[in-house]
Amino acid sequence: MIKLNGDLLKNNTEISDKIKIGVTKDLPIKVLQFGEGNFLRGFVDWMFNKLNENDLFNGKIVIAQPLETGLVDVLNQQDGLYTLLLRGLKDGKIVSEKEIITSVDHGLNIYKEYDEYIKLAENPELRVIVSNTTEAGIAYKKDDKLSDSPQSSFPGKLTALLYKRFTYFKGDESKGFILLPCELIDRNGDKLKNIVLQYANDWNLGDEFVNWLNNSNYFLNTLVDRIVTGYPKDEIDILTAGLGYQDNLIDTGEIFHLWVIEGDIKISKELPFHKIGINVVWTNDMTPYRARKVSVLNGAHTMTVLAAYLFGLDTVKECIDNKLISDYMKKGLFEEIIPTLEFPKNEVIDFANSVIERFANPFIKHNLLSISLNSVSKFKTRVLPSLLEYVKINEKIPEVLSFSLASLIAFYKSTTLEENKLKGVRNKNTYNIIDDISILKYFKNIWSEYDESKNSVKHIVTNILSQKDFWDKDLNNIEKLNENVTNYLFSILTKGMEDSIVELLTEK
């Protein structure tokens, strides 16, 4: 079968007219991207592809592979081309879009082509730097040196490039960058900048360079949101037959997308995503957007998945398809989480409805056990703030959110620890409970004290709620929370999850 590459695009008769093809003309490189993974290719590169199609950017991307192993060799074999398949529900109807992304010029392996990487700093048209090096990527490593080729950390590699830029253009203020980190950590731009400044100090790069970093470069905080599921190995044969060509980098994702960028609105003139209907929000304060995403989307996950798994479900879509679990999720979302958010009510309700539609996407298989990883810290950041704010506003305990805490404790019920995993039991089958080892050891020990009595349940709940290492405070001090969680946990253990949720939803 023919393979996707530049030669194939020259003969469009061999490509179905149902597949959209991006701009194929030669364009200068204006974007440096750290990371060649599924997400950036299905999110940022797609957006620049759209800008080029509308003659609003006219630039291409060079992708730097930040790790020794990766996909740039395959990317270069395909001349930077790949097919993006976006599928999902929109207004209740299935939507599918196929597009050959042409915004990527080529890729570099920094470990093999470090000189070419550093030479990118000499390109006067290079203006934007994007990254997604995972949450652990924006990290300081004290052993990094300017003379390394390459430095071990992403911020170290970036600092070396920035310093080369500064020296090559003799501190020209117009040659700074717009930096858009997409790593899923709070205030990612601020954290990246702080580490770069730390390296500038460590490496004695001088006050003039520090001033140039501060005054000529925009390290912007961003929030990204799109589920990108990557290479569709389970359906690749069917998709390849439909495309009519072989693509080793097919990327798949959902239709929904959101990019919130905190920064001066004047910068948006250089990146006018808003002019073509792409859901990019420029704001001077992204805090409410982050709170909305964490509380609504991530909160709905964490509030629901542990109860749903013990109920007998395995995927997020099954949660939407099952009326009881769906009602449970919607009650918690619309009656307990949304009223606590300082955000225009109609906007947050629209966002919540879009989240539910995304959860129902038939093309995405999101396993509950995958979401269950590190649920203690997730509950603390995603659900507990809503619970506490609800108590503050209403002076009573939110039923679904407190039930979800009881479900977490039930999910972590185990006295068997093997290979740093607790072994829970559902319907006589074991499942893995994965979290920090100290947390797993704690739950193993506390559940070893369980004797099936109501007093024993109360003892366990009291002990867990008192763990300031988990919650940053003693949750027993919240009036009636202990009582609610104890009653719900005892019900789950004695009556089962289904009957407990039925009772919860029928309570007045």
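## Two antiparallel helices

Helices α18 and α19 are roughly antiparallel to each other, because angles over 145 degrees count as roughly antiparallel, those under 35 as roughly parallel, 65 to 115 as roughly perpendicular and the rest as oblique. This is a predicted model, in which local features need pLDDT of at least 70 and side-chain atom pairs count only at pLDDT 80 or more, while totals for chains, interfaces and linings use all residues. Residues are numbered from 1 along each chain as its sequence is written, and side-chain values use heavy atoms, with hydrogens and water left out.

The axes of α18 and α19 cross at roughly 155° and come within 10 Å; axes here are lines fitted to C-alpha atoms, for helices over the stretch in contact, and angles run from 0 to 180 degrees between N-to-C directions. Helices (H or I, at least four residues) and strands (E, at least two) are DSSP runs, numbered from the N terminus. The crossing of this pair is right-handed, a term used if the near helix is turned clockwise from the far one by less than a right angle, with anticlockwise giving left-handed. On the α18 side Y442, F443, I446 and W447 take part, and they meet H459, I460, N463 and I464 in α19; contact means heavy atoms within 4.5 Å.

In the loop between α18 (437-447) and α19 (454-465) you will find E452. Its phi is positive, near 75°, in a residue other than glycine. E452 counts as exposed, at 62% relative accessibility; exposed means over 50% relative accessible area, buried under 20%, and partly exposed in between (1.4 Å probe, protein chains only).

Now look at helix α12 (residues 323-337) and helix α13 (residues 345-359), whose axes come within 11 Å and cross at roughly 160°. That makes α12 roughly antiparallel to α13, and this crossing, too, is right-handed. From α12, M329, K330, L333 and F334 make the contact, and from α13 the residues are I349, A352, N353, I356 and F359.

Setting aside neighbours within four places in sequence, H301 is in contact with V316, F359, H366 and I371. At 7% relative accessibility, H301 counts as buried.

## The nonpolar cores

A nonpolar core is a set of buried Ala, Val, Leu, Ile, Met, Phe, Trp, Tyr and Cys residues joined through side-chain atoms within 4.5 Å. The largest one has 83 residues, and F403, Y412, F443 and W471 touch the most other members. Helix α10 gives the most to this core, with 12 residues. Another core, of 36 residues, lies apart from it and has L40, L86, V104 and W282 among its members.

Leaving aside neighbours within four places in sequence, F443 is in contact with V376, L408, I409, Y412, S414, L422, I464 and F470.

An open sheet is built from 5 strands in the order β1-β5-β4-β12-β11, with mixed pairing; two strands pair if DSSP finds at least two bridges between them. The edges belong to β1 (20-21) and β11 (228-230), each with a single partner strand, so one side of each is left without a neighbour in the sheet. Strand β1 runs parallel to β5 (residues 93-101), and 2 bridges join them. K20 stands opposite E99, and I21 stands opposite I100. Helix α3 packs on the sheet, where it touches β1, β4 (82-90) and β5, and its direction makes about 75° with that of β5.

Between β4 and β5 there are 9 bridges, and these strands run antiparallel. L86 stands opposite E97 in β5. Their hairpin has 2 residues between the strands, and D91 takes a positive phi there, near 55°.

How many of the residues of helix α3 (residues 44-53) are buried? The helix is mostly covered, with 9 of its 10 residues buried, including W46, F48 and L51. After α3 comes D55, whose phi is positive, near 60°.

## Two loops to inspect

The peptide bond from S149 to P150 is cis, with omega near 15°. P150 sits in the loop between β7 (128-131) and α6 (154-168).

K428 lies in the loop between β16 (421-426) and β17 (429-433). Its phi is positive, near 70°, though the residue is not a glycine. With 82% relative accessibility, K428 counts as exposed.
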